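Please examine the sequence and the three-dimensional structure shown below.

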Amino acid sequence: MQATPNLLPPARTRIAQAFDRGAADYITLAQAQHVMARTLFEALPSHLPAYSRVLDLGCGPGHWTRALAARYPLVYCLGLDLSMAMLQKAAHECITDHHGVRWLRGDAEQLPLASNSLDLVFSSLAVQWCDRPEKWLSELARTLRPGAMAFINTLGPGTLREIRHAWQRNDDSVRHFPSAERLNTLATSIGLACQWRTQQHVFHYPDFASVMGSIKGIGAQMATGRRLLRTELQHARSRHETLRTTQGLPVSYCVIELILEKPVNYGNEKRINFA
């Protein structure tokens with residue numbers, strides 16, 4: 001495992017620390033996230049040339065990195081994450097299989113990777129934690145080879161609206177996410193071809209503790225670093241209960257799926273042909 005020096009801005013450090021705390025229980029608590037990741041994974045090309053270089057950007061505990069290695073057994077897979085605890089868990093889970101997988105600590109806004117070095121990027125529900133989408137898009141444009149593609153899903157406006165209703169705080173405790181139209185504009189402005197679609201998901205939980213566990217488990221509550229007070233939690237529980245359906249307490253996700261391609265004329269390298 002490789003680690004880069006911690007030169008992250010304070011906001012990025014807080015996000016990394018939140019995911020450090022959630023690493024142990026992430027697989028158990030992030031079941032909704034796995035449903036959305038599986039949809040993105042199924043859209044990937046069926047074949048890649050041998051020795052291609054594949055990046056799982058924001059790999060978390062490495063579940064989908066290992067899945068990428070199994071899908072493409074002749075490629076080099078790299079799992080990159082901001083959280084060292086997530087990477088340590090990923091490396092531990094990967095001891096007995098997929099020896100070709102490597103792990104690297106790094107930031108999507110400043111990838112510690114060479115230009116024109118990646119043949120495929122997979123990233124599920126990670127880049128929404130970046131404050132400036134133009135940064136991670138620029139880094140993808142830099143590190144993808146001409147003709148290579150990135151399959152990204154992220155969160156859009158409307159995500160966690162029940163949480164906003166329950167918490168009712170006038171700060172950034174729950175993140176605000178850019179729209180698909182804005183991401184498309186940013187991507188095309190730096191020369192990436194962009195296809196996108198949005199999907200709505202609503203997951204239900206039996207009680208407020210389960211909702212909070214799912215949010216805490218993925219570090220989603222830590223946009224500002226200020227935790228909810230006990231009285232705030234009691235009020236939030238009461239407000240969320242007003243939204244209960246026969247299926248339980250709802251939590252909505254608006255997922256934006258992006259397929260980005262770096263045009264062959266972006267540089268002078270040969271186009272990759274995906275099957």
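**Strands, cores and rings**

In this predicted model, Leu78 stands opposite Arg102, a residue of strand β3. The two strands concerned, β2 (residues 76-81) and β3, run parallel and are joined by 5 bridges. Strand β3 covers residues 101-105 and is mostly covered, with 4 of its 5 residues buried.

In soluble globular proteins, nonpolar side chains tend to be buried together. The largest nonpolar core here has 29 residues, of which Leu57, Val121, Trp136, Ile152 and Leu260 touch the most other members. Two or more residues of this core come from each of the elements β1 (53-57), β2, β4 (118-124), α6 (133-143), β5 (144-155), α8 (180-189) and β7 (249-261). Leaving aside residues up to four places away in sequence, Ile152 touches Leu40, Val121, Ser123, Val127, Trp136, Leu140, Ile256, Glu257, Leu258 and Leu260.

A pair of aromatic rings is described by the distance of the centres and the angle of the planes. The count of aromatic pairs comes to 6. In one of them, the ring centres of Tyr51 and Tyr76 are 6.3 Å apart and the planes stand at 35 degrees, so the pair is tilted. This pair links distant parts of the chain, 25 residues apart: Tyr51 belongs to the loop between α3 (31-42) and β1, and Tyr76 to strand β2. Tyr51 has a relative accessibility of 60% and therefore counts as exposed, whereas Tyr76, at 41%, counts as partly exposed.

Trp64 and Phe122 form a further tilted pair, with 6.4 Å from centre to centre and 45 degrees between the planes. Because Trp64 lies in helix α4 (residues 63-71) and Phe122 in strand β4, this pair ties together parts that are 58 residues apart in sequence. Both partners are covered: Trp64 counts as buried at 12% relative accessibility, and Phe122 is buried with a relative accessible area of 1%. Ring pairs also bring in Phe41, which forms a cluster with Trp64 and Phe122.

Arginine residues accompany two of the rings already named. Arg53 lies over the face of Tyr76, at 4.8 Å from the ring centre. Arg71 lies over the face of Phe41, where the distance to the ring centre is 5.1 Å.

Tyr51, found in the loop between α3 and β1, has a phi near 70 degrees, a positive value in a residue other than glycine. Leu125 is not a glycine either, and its phi is positive at about 50 degrees. The place of Leu125 is in the loop between β4 and α6, and at 10% relative accessibility Leu125 counts as buried.

How many disulfides does the structure hold? The number is 0. Cys59 is buried, with a relative accessible area of 7%, and for Cys254, likewise buried, the relative accessible area is 7%.

Technical notes. Residues are numbered from 1 along each chain as its sequence is written. This is a predicted model: local features need pLDDT of at least 70, side-chain atom pairs count only at pLDDT 80 or more; totals for chains, interfaces and linings use all residues. Side-chain values use heavy atoms; hydrogens and water are left out. Buried means under 20% relative accessible area, exposed over 50%, partly exposed in between (1.4 Å probe, protein chains only). Two strands pair if DSSP finds at least two bridges between them. A nonpolar core is a set of buried Ala, Val, Leu, Ile, Met, Phe, Trp, Tyr and Cys residues joined through side-chain atoms within 4.5 Å. Contact means heavy atoms within 4.5 Å. Rings of Phe, Tyr and Trp (its six-membered ring) pair if their centres lie within 6.5 Å; planes under 30 degrees apart count as stacked, over 60 as edge-to-face and the rest as tilted. A charge sits over a ring if NZ of Lys or CZ of Arg is within 6 Å of the ring centre and within 35 degrees of the ring normal. A disulfide is a pair of cysteine sulfur atoms within 2.5 Å.
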